[in-house]
Amino acid sequence: MTLTEPTPEPAPALDVFPVVAVVGLGTMGAGIAEIAARSRRRVVGVELDAAAAGAALRRIEESTAHSVERGRMTAEERAELLGRISVGHDLNAAAEAQLVIEEIPEQLDAKRELFAELDRICPAGTVLATGTTALSVTRIAAATQRPERVIGLHFFNPAPVMQLVEVVRTVLTSADVAEAAAAFARGLGKSPVAAGDRPGFIVNGLLFAYLNQAAAMYESRYATREDIDAAMRLGCGLPMGPLALLDLIGVDVAKTVLEAMYAQSHDRLHAPAPVLGQLVAAGLLGRKTGRGFYTYAAPGSSQPVAEPDAHGDIVAVAGRQVRGVGVCGSGTMATGIAEVFAKAGYDVTLVARSQEKADRAKAALAKSLERMVAKGRLGEADRDAALARVTASGSLEDLASADLVLEAVAEDLAVKQELFATLDKICRPGAVLATTTSSLPVIQCAMATGRPQDVVGMHFFNPAPAMRLVEVVSTVLTGPDVTATVLELCTAVRKHPVECGDRAGFIVNALLFPYLNDAVRMIEEHYASVDDVDTAMQLGCGYPMGPFALLDVVGLDVSLTIEKVLHGEFREPGLAPAPLLEHLVAAGCLGRKTGRGFRDHARR
Ligand SMILES: NC(=O)c1ccc[n+]([C@@H]2O[C@H](COP(=O)([O-])OP(=O)(O)OC[C@H]3O[C@@H](n4cnc5c(N)ncnc54)[C@H](O)[C@@H]3O)[C@@H](O)[C@H]2O)c1
């Protein structure tokens, strides 16, 4: 099975569509007109009336003047560029163009009417493109007599800056039209990706489902808006948290896109979270109105105002004192966590199943510190001091005096429960017992002890010394002072704690894995290619890597396990692992670690 396709070579700029008409020169249209003219094409702009045309031209003049100020083009180039653009309000002028791009407001009737009109005006060979975000390209194409020459060209805002363009084919669009549209996008210096005609196409289809889950998570008071946003930024390296992003995009826009997605998929995960409807009804649309999930200094401002979150009932409780820390385990996580505590000045007892294993774990820790010294990030004296604070042991008895014991042993409930039962016998009364499990219920570990109020989850991310996020998981029985202890401890070791309840996936995995699963489903349904989906999410959302690159790094088996846990807990049909993921795992294609997953790494 070939899951990847080669990226075609860029076409020379003027091979396709030397004259382009742009109808509607608002936010998107003005930017597109500018970049089309920058590629030396002649651009015919059409607006509603003379006043709107004048305003549109001024927008383009201002934007290009800005580019001159910033040294991105010379005054001469700007004059030439403006000379290539004409803006009027007579749609008949579009007849000159080989490609017409529609960028009027997102209303189906208006777009269909415009396309019917363009179909009458333009020669038979002219390609008509819609800039719709969430409407059906097929239904717009059906308003014309040339559906084979109608396509979607979905640019991202701001069009002059964002590199991605989704080229949307309907079942009727001819292949040469799609190819010409992609070549046109490449000629503008953009990276086109091919998508089918589904609400949301690739980027919004994957993005909005995830944003909707984040809104629902906030609405259920599972975590505060700040914690949800911080978790996704720090845990996944995303440029923005989901609730802050909803405010930026506009809560109303998100609701519209989700409505369109739900109408087609009937997947409950696409049904807009009720809170979105409430915010829209209240006129709280996000940054543009000055308030959405957050409150901003003024309408249009990006500056959030500090205010207590209505959902965060913060009760100040003092934590317990922690000096000595015990870490159980000898793997990557245990070693990394022991390093975090030792570097922050805590005495650490690192306990493995044998003295030999513990010694090896300590040696790995020493090596990691050594790498930091080599990179100039740690002084030699600090390295020696950190290492001197770590005692390697093969006996759990050595944890008798620890103030907090954190286990990072195998992700197996029976193994963890047995360990907690033993710790319960050994550890002093009042010691905090923590698990770093990523997928098991913390309460099940707690119930293996006679002191469930002292048990809490501390979900570190890999590699622990580098990743700042820790999800602090309180069960229904965790004492408030125990949660407070762990929150204080995280801050003391320079981590960023977020608080959440004891349910599958906590914050990060519960939002991340359904998105990854949706991406797998896109491939499974031959809706888009692996490379196009990865490119689309990187360029469209600024993600550090696309979903398939991430799945191959995380491991397909690990991903499948987490997806099964999520599906088992929430029983949402939309969370069922994509069969393609199960098949790849069954075939031993587990990602980078086996040389093959969604991509073939062995041959690269
Ligand atoms: N804004 C975004 O972030 C974004 C991103 C990607 C795609 N889109 C999509 O792009 C399209 C345009 O959105 P926008 O944000 O630029 O809208 P906008 O409201 O900023 O601009 C629309 C422009 O179209 C003009 N117009 C309206 N009817 C017209 C007609 N019949 N003939 C000529 N001009 C007409 C209006 O005067 C206005 O200037 C929409 O389909 C939208 O969903 C928007």
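The questions and answers below go through the overall build of a predicted model and some of its aromatic pairs.

In this predicted model, local features need pLDDT of at least 70 and side-chain atom pairs count only at pLDDT 80 or more, while totals for chains, interfaces and linings use all residues. Residues are numbered from 1 along each chain as its sequence is written, and side-chain values use heavy atoms, with hydrogens and water left out.

Q: How many helices and strands are in the protein?
A: Helices (H or I, at least four residues) and strands (E, at least two) are DSSP runs, numbered from the N terminus. Counted in this way, the protein has 22 helices and 16 strands.

Q: What radius of gyration does the protein have, against that of a compact globule?
A: The radius is taken over C-alpha atoms, and the globule rule is 2.2 Å times the number of residues to the power 0.38. For 604 residues, a compact globule would come near 25 Å. The value for the protein agrees with this, at 28 Å.

Q: What percentage of the residues of the protein count as buried?
A: Buried means under 20% relative accessible area, exposed over 50%, and partly exposed in between (1.4 Å probe, protein chains only). Of the 604 residues, the buried part is 54%.

Q: What share of the contacts with a separation of 6 or more comes from residues 24 or more positions apart?
A: A contact means heavy atoms within 4.5 Å. Among contacts with a separation of 6 or more, residues 24 or more positions apart account for 69%.

Q: How many aromatic pairs does a search of the whole structure find?
A: Rings of Phe, Tyr and Trp (its six-membered ring) pair if their centres lie within 6.5 Å; planes under 30 degrees apart count as stacked, over 60 as edge-to-face and the rest as tilted. The number of aromatic pairs found is six.

Q: Why is the pair of Phe17 and Phe184 edge-to-face, and not stacked?
A: The ring centres of Phe17 and Phe184 are 5.9 Å apart. Their planes stand at 70 degrees, so the pair is edge-to-face.

Q: Which parts does the pair of Phe17 and Phe184 tie together?
A: The two parts are 167 residues apart in sequence. Phe17 is buried at 10% relative accessible area, and Phe184 is buried at 0%. The parts are the segment before β1 (19–23) and helix α6 (residues 175–187).

Q: Which residues do ring pairs link into a cluster?
A: Phe341 is buried at 0% relative accessible area, and Phe460 is buried at 3%. Ring pairs link into a cluster Phe341, Tyr346 and Phe460.
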